[in-house]
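Trainee: I would like to learn how to read a few features in a structure that is new to me. Could we take them one at a time?

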Amino acid sequence: MTVDTPSFLERRRVLAMAGAIAGGLWLPDSARAQPRLVTDPFALGVASGSPRHDSVVLWTRLVQTQAADTAAWGLAPVAVRWEVAHDEGFQRLVQTGSVNAVPELAHSVHVEVQGLEPDRWYFYRFQVGNAVSATGRTRTFPAPGAAAQKLRLAYASCQHWEHGFYSAYRHMRAENLDAVMFLGDYIYEYGGSSKSVRRVPTNATISLDDYRARYALYKSDVDLQAMHAACPWIVTWDDHEVQNDYAGGVQGTFGPEVPDFAARRLAAYQAYYEHMPLRASVLQKALAGVIQTGSELRLYDRVAFGRLAVLHTLDDRQYRDRQACTKGGAFGSSGVNPATCASWNDPARTLLGVEQERWLDQSLATGGGTWSVIAQQTVFGQRDFKPGDGLVLHNDGWDGYAPARTRLTQALQRHKVSNPVFLGGDVHSNWVGHVKADYARPDSKAVGVEFCGTSITSRGGDNKGLAEVLAENPHFVMADRERRGYGVAEITPQQLSVRLRVVDDVTRADSGVSTLAAFVVDQGQPQVHSA
Ligand SMILES: [Fe+2]
């Protein structure tokens with residue numbers, strides 16, 4: 001029994017991590033794997049994300065599908081060359097470099113390219129041995145405070161593999177976007193079911209290997225890959241990246257019971273980092289975070305698109321208190337009558353956590369954009385599902401954390417936040433409406449607008465009874481549960497316009513697309529109008 005060996009191993013692992021993160025750890029050639037490639041190591045595609053005015057993250061992950069080749073480079077770092085160019089032919093190179101893909105991070109690559117010009121498109125690609133990746137296209141944002149005339153964003157969420165094909169992404173590619181905001185449920189953790197459009201393995205994801213394999217399956221989709229290669233993505237997660245309805249450190253529901261939920265969450269968080277175009281700074285609680293103790297992945301973020309917009313991305317899963325008064329005291333969520341739940345209005349309960357709430361308050365006070373986008377996981381506005389007197393609210397979203405929601409709507413007013421726009425996902429349906437100063441007072445003013453998007457593929461309900469729910473919640477002007485797709489938001493100094501794009505048939509890879517509804521919001525007026 002010795003204590004030296006584990007700490008030595010940890011140190012080696014952290015050093016290897018640091019090499020991957022800094023992109024600069026020098027290794028003699030003899031220490032680098034010289035893999036004999038049989039299959040395409042770039043079979044999971046390329047991606048870019050976390051755009052700034054001078055920087056962007058380039059992502060890929062090396063894979064080999066043949067066991068012999070996996071074994072050949074299994075434990076060794078692999079040197080990956082990257083190139084950024086002005087042109088698709090890579091004749092006018094901007095920057096090149098080499099980074100080590102390390103086995104501790106599943107041979108994923110996260111290159112943080114610095115010193116780029118603002119408000120400009122670039123091409124990028126990777127190379128290992130004689131294998132060259134697909135070419136990706138990415139862009140920097142206009143510098144904070146700079147004039148910007150137009151920003152085109154898609155917002156998307158919930159891409160259950162088994163429920164359909166990603167034809168939505170094929171159509172999204174034609175939208176000429178500056179960025180995609182992905183708002184959670186990138187994967188689903190469930191084991192496969194027989195009633196699926198396309199299958200996943202029968203086991204639920206529990207271990208790091210399980211989650212890695214699930215991401216690899218999702219990322220094998222060519223339409224998803226092509227959309228990642230088309231523009232930078234800004235990402236956050238919801239529950240299914242770990243487990244349905246989990247809350248902070250508390251397990252959710254469905255699938256096998258695991259003895260150690262913290263270990264499952266840790267594995268899931270690490271696999272998420274490995275497969276997303278995220279900055280190493282999300283690991284700031286460590287190397288000591290994902291690899292050793294603790295597990296924070298700091299996803300919440302803000303980025304300015306010139307002075308046209310500030311985009312906030314929130315994380316309402318990682319730091320939240322447990323759902324209040326779930327039926328039968330069970331884990332997970334349910335409908336709740338708040339009048340029967342003593343903790344419902346406890347101001348100490350939080351959805352974002354104390355630190356993120358403080359950060360958001362400060363960011364909103366700072367302002368910086370004509371439009372203040374708050375992209376988060378779920379519906380923001382209250383949805384009362386009980387016709388007539390009394391309330392039945394779902395306790396998993398903002399409705400279940402009403403005092404925290406009120407703190408946020410008060411912050412919008414206190415800081416005179418310019419044109420707040422909430423984007424959301426989670427509920428597999430489109431909800432469009434006004435954010436109210438006080439949901440208990442229907443006559444209170446609108447302090448922002450909300451566009452909660454439908455799922456890319458995940459099944460929703462039908463529209464039976466929806467008219468009654470809308471009548472009960474008149475701050476929403478439109479809802480639809482039946483259609484899958486994404487939203488496109490075009491932002492100019494004068495106006496926000498949003499089109500809800502929906503596929504004809506999610507079970508067909510060649511599905512067409514159409515516009516279900518379109519809306520505009522004029523600068524200075526939190527009023528949603530039909531376009
Ligand atoms: Fe979902």
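Mentor: Let us begin with a term: a residue counts as buried when its relative accessible area is under 20%, as exposed when that area is over 50%, and as partly exposed in between. Please keep in mind that this is a predicted model.

Trainee: Is Cys341 buried or exposed?

Mentor: Cys341 has a relative accessibility of 6%, and therefore it counts as buried. Cys325, by contrast, is partly exposed, since its relative accessible area is 34%.

Trainee: Which cysteine does a disulfide join to Cys325?

Mentor: A disulfide is a covalent bond between the sulfur atoms of two cysteines. Here Cys325 is joined to Cys341, with 2.0 Å from S to S, and the link is right-handed, with 85 degrees about the S-S bond. The pair links distant parts of the chain, 16 residues apart: Cys325 sits in the loop between β13 (309-313) and β14 (335-336), and Cys341 in the loop between β14 and α8 (354-366).

Trainee: Which protein residues are the donors of the iron ion?

Mentor: A donor is an N, O or S atom within 2.8 Å of such a metal. In this model the protein donors are Cys158 (SG), Asp185 (OD), Tyr188 (OH) and His428 (NE2), which lie 2.1 to 2.5 Å from the iron ion. Along the chain, these donors follow the spacing C-x26-D-x2-Y-x239-H. Both Cys158 and Asp185 are buried.

Trainee: Why is the arrangement around the iron ion irregular?

Mentor: The arrangement is irregular because the four donor atoms subtend angles of 86 to 171 degrees, whereas a tetrahedral one needs all angles between 85 and 135 degrees.

Key:
Residues numbered from 1 in each chain as written. Predicted model: local features only at pLDDT ≥ 70, side-chain atom pairs only at ≥ 80, totals over all residues. Heavy atoms only, no water. Donors = N, O, S within 2.8 Å, 3.2 Å for Na, K, Ca; no water. Tetrahedral: all angles 85-135°; square planar, octahedral: opposite > 155°, others 65-115°. Buried < 20%, exposed > 50% of the residue type's maximum accessible area, 1.4 Å probe, protein only. Disulfide = S-S within 2.5 Å. Helix = DSSP H or I, 4+ residues; strand = E, 2+ residues; numbered from the N terminus.
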